[in-house]
Amino acid sequence: MGSSNRLFNRQRTVHEILGGGFVADVMLWRRGNLTMGILLVTLAAWVVFEKSGYTLLSLVSNVLLLLIGILFLWAKSAAILNRPAPPLPELYLSEETVNEMGAFIRAHVNDILSASKDIALGKDARLFFKVAGYLLLTSLVGGLTDFLTLGYTSLVVVLTVPALYERYEDYIDSYTILGYRKMQQLYVKFDSKFVNRFRKWILEKQKLS
């Protein structure tokens with residue numbers, strides 16, 4: 001499909017729009033095992049928080065306490081019994097991974113700061129109303145659910161919607177563009193029938209006054 005038939009006439013792929021690095025790979029299931037692991041761990045954490053009444057800090061503290069206690073006793077008993085030490089993976093973040101994550105976060109934070117500046121200076125009214133609408137929607141959703149459930153649902157959306165869109169983007173783009181064009185046609189008809197008449201009525205009233 002040509003760029004003219006893409007949403008917003010974009011030239012880049014979904015992977016490139018998301019940064020084209022490690023984070024994009026995870027969001028688009030290029031690293032399916034890792035993405036599935038994140039979803040399962042997050043689901044398990046959500047169930048634990050919802051059912052047990054644990055807070056995040058207490059749960060993390062208890063899990064870490066249990067983990068280091070088991071590893072400590074294992075290592076001590078292995079030394080006494082001449083057994084191998086507990087097998088630990090290499091706990092190391094590569095410089096490449098950190099740079100990719102940092103670049104992804106920096107780019108999006110800069111976009112947010114730039115948009116915030118435009119809104120604060122009144123340069124972009126359309127952006128203001130768009131952001132206000134999103135904040136109002138977030139407020140309404142937040143009033144219907146708790147932060148933990150909202151966070152888990154948001155993560156599921158982030159890890160599923162981009163991947164589904166990338167897979168079916170030809171169909172989604174074509175139907176969305178078709179719907180947008182029909183909406184434009186309806187708006188033109190509405191504008192010609194009602195808005196123009198209302199404007200003429202106002203002008204006539206002003207002339208008479």
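**Surface, core and contacts**

Analyst: A nonpolar patch on the surface is formed by L56, V60, L64, L65, L67 and I68, which together have about 580 Å² of accessible area. Please note that this is a predicted model.

User: Where is L56 found?

Analyst: L56 belongs to helix α4, which covers residues 56–80.

User: Is L56 buried or exposed?

Analyst: L56 counts as exposed because its relative accessibility is 56%, and the cut-off for exposed is over 50%.

User: Which residues gather in a patch of positive charge?

Analyst: The residues of the positive patch on the surface are K189, K193, R197 and K200. Of these, K200 is located in helix α8, residues 169–208. K200 is also exposed, with a relative accessible area of 55%.

User: Let us go inside. Which residues make up the largest nonpolar core?

Analyst: That core has ten residues in all: V14, L18, F22, A24, V26, M27, L28, L39, L159 and Y165. Two or more residues each are given by α2 (22–27) and α7 (147–167).

User: Which element gives the largest share of this core?

Analyst: The largest share comes from α2, with four residues.

User: Changing topic, how many salt bridges does the count come to?

Analyst: The count comes to two salt bridges. In one of them, the side chains of R31 and D25 meet at 3.7 Å, N to O. In the other, the side chains of E166 and R30 meet at 2.6 Å, N to O.

User: Which parts of the chain does the pair E166 and R30 link?

Analyst: E166 and R30 link distant parts of the chain, 136 residues apart. E166 is in helix α7, whereas R30 is in the loop between α2 and α3 (32–52).

User: Now the backbone. What is the phi of W29?

Analyst: W29 has a positive phi of about 60°, although W29 is not a glycine. The residue lies in the loop between α2 and α3, and W29 is partly exposed, with a relative accessible area of 30%.

User: What about the phi of N82?

Analyst: N82 has a phi near 55°, which is again a positive value in a residue other than glycine. N82 is placed in the loop between α4 and α5 (95–120).

User: Is N82 buried or exposed?

Analyst: N82 is exposed, with a relative accessible area of 71%.

User: One more topic, distances. How many residues apart in sequence are H108 and G19, and what separates them in space?

Analyst: H108 and G19 are 89 residues apart in sequence and 9.7 Å apart in space, C-alpha to C-alpha. H108 sits in helix α5 and is partly exposed, with a relative accessible area of 35%.

User: And how far apart in space are A120 and S77?

Analyst: A120 and S77 are 62 Å apart in space, C-alpha to C-alpha, and 43 residues apart in sequence. A120 is also in helix α5, and A120 is exposed, with a relative accessible area of 66%.

Terms used: Residues numbered from 1 in each chain as written. Predicted model: local features only at pLDDT ≥ 70, side-chain atom pairs only at ≥ 80, totals over all residues. Heavy atoms only, no water. Patch = residues over 30% accessible without salt bridge, like charges linked within 9 Å, V, L, I, M, F, W, Y side chains within 5 Å. Areas by Shrake-Rupley, 256 points an atom, 1.4 Å probe, with all protein chains shown as cover. Salt bridge = Lys/Arg side-chain N within 4 Å of Asp/Glu carboxyl O. Lys, Arg positive; Asp, Glu negative; His and termini not counted. Charge placed at Lys NZ, Arg CZ, Asp CG, Glu CD. Buried < 20%, exposed > 50% of the residue type's maximum accessible area, 1.4 Å probe, protein only. Core = buried A, V, L, I, M, F, W, Y, C linked by side-chain atoms within 4.5 Å.
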